[in-house]
Amino acid sequence: PANPSKVGYLFLGWKDADGKKPSDYGVMPARDLEFTAEWQPNTDIGYTLEVYEMGTDGTYPTTPTSVFEFNDGVVGEIRAPKVTVPTGFTLDTAKSTLSGVISVDPTLVLKAYLSRNQYKLTYINDGEEYHSEDVYYGQTINAVTPPTKEGYSFDGWDPQLPAVMPANDVTITVNWVKNGSSSSGSSSGSSTYPVTVTGKIE
């Protein structure tokens, strides 16, 4: 008969229970013969890894952020491709499917979920914590309403508040300028002024 076909496999031939091929028999023996098809899995079966990066709102997208295609699969074998985790993210192993058995129908689809890290943003006023919050990496930072201090005017933050949250904790300190002075200083509010002394020098 014509050779059979099977998706994901290569047909190797026919063999009976004794390991003999049809060609091993010169003539038909005085008994029934039964041959079974032998298959070898292909070594180029495709599979997919979908990567989902959490947004700055703390939720995962419904469509993958990126998709990686592989073609080294072998039917029945396990594949677990390496997932590269970028700065500011952590692999969410509980939600992810990182390994699976290669099959043809359906094709294996693995999914990696990358949780966006949160970092501490702390505001310091006069040596004490004024405000703190956890901010997602890459999230736009909106500064809090600055504090007030009698006899002083707010003169910004030190260091300057970043536009978006970096992959590390950030601490900034309020700068105060004493009313009537052009100099600015740290949150302590202390200032140094020149003093002129007049008198007789011996």
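## A pair of strands to start with

β11 and strand β12 (residues 170–178) pair in the antiparallel sense over five bridges. Here, two strands count as paired if DSSP finds at least two bridges between them. Within this pair, S153 stands opposite V177 in β12.

Before going further, a word on what you're looking at: this is a predicted model, where local features need pLDDT of at least 70 and side-chain atom pairs count only at pLDDT 80 or more, while totals for chains, interfaces and linings use all residues. Residues are numbered from 1 along each chain as its sequence is written, and side-chain values use heavy atoms, with hydrogens and water left out.

## The chain as a whole

The chain has 12 strands and zero helices. Both come from DSSP runs numbered from the N terminus: helices are H or I runs of at least four residues, strands are E runs of at least two. Of the 202 residues in the chain, 28% are buried. Buried means under 20% relative accessible area, exposed means over 50%, and partly exposed is in between (1.4 Å probe, protein chains only).

T122 lies in strand β9. It counts as buried because its relative accessibility is 10%. Leaving out residues up to four places away in sequence, T122 touches E129, H131, S132, V170, T171 and I172.

## Two nonpolar cores

A nonpolar core is a set of buried Ala, Val, Leu, Ile, Met, Phe, Trp, Tyr and Cys residues joined through side-chain atoms within 4.5 Å. The largest one has 14 residues, and the members touching the most others are L121, Y123, I141, W157, L161, M165 and I172. Two or more residues each come from β9 (118–125), β11 and β12. β12 gives the largest share, four residues. Apart from this core lies another, of 12 residues, including V51, V83, F89 and L114.

## Rings and charges

A search of the whole structure turns up 10 aromatic pairs. Rings of Phe, Tyr and Trp (its six-membered ring) pair if their centres lie within 6.5 Å; planes under 30 degrees apart count as stacked, over 60 as edge-to-face and the rest as tilted. F154 and W157 make an edge-to-face pair, at 5.2 Å centre to centre and 65 degrees between the planes. W157 counts as buried, at 14% relative accessibility, whereas F154 is partly exposed at 33%. Ring pairs also link Y123, F154, W157 and W176 into a cluster.

Two lysines sit over tyrosine rings. The charged end of K6 is over the ring of Y9, 4.3 Å from its centre, and the charged end of K95 is over the ring of Y113, 4.8 Å from its centre. The test is that NZ of Lys or CZ of Arg is within 6 Å of the ring centre and within 35 degrees of the ring normal.

## The other four-stranded sheet

Another open sheet of four strands runs in the order β4-β3-β8-β6, with mixed pairing. β4 (66–73) and β6 (89–91) are at the edges, each with a single partner strand, so one side of each has no neighbour in the sheet. The twist averages 25 degrees from one strand to the next. β6 pairs with strand β8 (residues 109–116) in the antiparallel sense over three bridges, and L91 stands opposite L114 in β8.

## A loop residue: T43

T43 is in the loop between β2 (36–41) and β3 (45–53). It is exposed, with a relative accessible area of 56%. Leaving aside its neighbours within four places in sequence, T43 is in contact with N71, D72, G73 and V74. The C-alpha atoms of T43 and V75 are separated by 7.7 Å, though the two are 32 residues apart along the chain.

Key:
Contact = heavy atoms within 4.5 Å. Axes fitted to C-alpha atoms, helices over the stretch in contact; angles between N-to-C directions.
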